[in-house]
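Hello,

Here is the structure I promised to pass on to you. Have a look at it first, and my notes follow below.

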Amino acid sequence: MKRFTVLGALLVIGGLSAAMMAQQQPPRPPLPDLTKVKDNLYVITSSTLGPEFTGGNTGVLVTESGVVVVDTKLSGYGPTIIERIKKVTDKPVTMIINTHTHGDHTGSNEGFPATVDIIAQENTKANMVKMDAFKGDKAQFLPKRTFKDKMSVGSGKNRVDLYYFGAGHTNGDAWVVYPSLRVLQTGDMFAWRDAPTIDRNNGGSAVEYPKTLSMAIAGIKDIDTVIPGHSPVTTPKDLQEYQRFVTDWVAAVQSAAAAGKSVDEAAAAYTKHPDKYQGYAAPQAARVKANVQVYYDELKKGGATN
Ligand SMILES: [Zn+2]
């Protein structure tokens, strides 16, 4: 009898602790230190997708009036990002720029003081408003200022130019330029050397993606360094190659559609990237199919077909 009671108590305790553990956030993988990109600009790099995933690359610009943080990774990293920044400057973080709505780029906005200025493209703010992560009290960590096509903040080596060139990954992807440093931070419009992720629920567009990349390349001049959304710092040459890659990718889907193939058939037929794109990750069937689906959905809605 007594034994049963003890067993029952253990079961209750076991059940409780399992429930409590389920409520706690799983521990996040650690962040690296800041890596200097140039002069007063640093990056906190991101890990690749998988259990070590921390979110997107975070740009850190140290200006005389404070620190500008571009993208805040997954939720829970605010204190760590601040601690890492303290290793290179005493200046407080005064501004956050979110390149787009996704939680791996906006998740730790809430980890900074509510007084921090937050800027994003206007469609991104509209997308963020819809996220559970920014409901109720958390609404204070939504962008306070937005822009439509272009906005500049700061001057000289503290200057940041923000551009919007159209839909692609979402419908609010900001291109962040540090003009005096000749550095461009692309967000997920150029996340990695792999097929893009196109988030149609947030206005992303397969049809527009190659054009938007072309517009950005034509419109952003005097750059020699590129910080992608999720992969190591690189050069404009890789961004230009990515534009050609996405153009070819969309053309392949377009001709499959023109040949009357179904989404499944078109996706199944795309088993490898063209040989000229060296160093690109092998196509993942799930992402290929999702992207083909996006393209077909756009066609059905009477989107541009040229
Ligand atoms: Zn994203």
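Strand β2 (residues 41-44) pairs with β3 in the antiparallel sense over 4 bridges; strands here are DSSP runs of E of at least two residues, helices are runs of H or I of at least four, both numbered from the N terminus, and two strands pair if DSSP finds at least two bridges between them. Across that pairing, I44 stands opposite T58 in β3. On to β4: strand β4 (residues 66-70) runs antiparallel to β3, joined by 5 bridges, and V67 in β4 is the bridge partner of V62. A hairpin through 2 residues links β3 to β4.

This is a predicted model, in which local features need pLDDT of at least 70 and side-chain atom pairs count only at pLDDT 80 or more, while totals for chains, interfaces and linings use all residues. Residues are numbered from 1 along each chain as its sequence is written, and side-chain values use heavy atoms, with hydrogens and water left out.

Back to β3 (residues 58-63): 6 of its 6 residues are buried, so the strand is largely enclosed by the rest of the structure. Buried means under 20% relative accessible area, exposed over 50% and partly exposed in between (1.4 Å probe, protein chains only). T58, V60 and V62 point one way from β3, and G59, L61 and T63 point the other way.

The open sheet has 7 strands in the order β1-β2-β3-β4-β5-β6-β7, with mixed pairing. β1 (35-38) and β7 (145-147) stand at the edges with a single partner strand each, so one side of each has no neighbour in the sheet.

Now the metal. The zinc ion is coordinated by H100 (NE2), H102 (ND1), H169 (NE2) and D188 (OD) at 2.2 to 2.3 Å; donors are N, O and S atoms within 2.8 Å of the metal (3.2 Å for Na, K and Ca), and since water is not among the atoms, sites may look incomplete. H102 lies in the loop between β5 (93-97) and α3 (103-106) and D188 in the loop between β11 (183-187) and α5 (209-219), so this pair ties together parts 86 residues apart in sequence. Both H102 and D188 are buried.

Finally, N127 sits in helix α4 (residues 122-129), and counts as buried because its relative accessibility is 6%. Its side chain makes a polar contact with the side chain of N171 (2.9 Å); that term means a pair of N or O atoms within 3.5 Å where, within protein, one must be able to donate a hydrogen and the other to accept it, and residues adjacent in sequence count only if both atoms are side-chain atoms.

Best wishes
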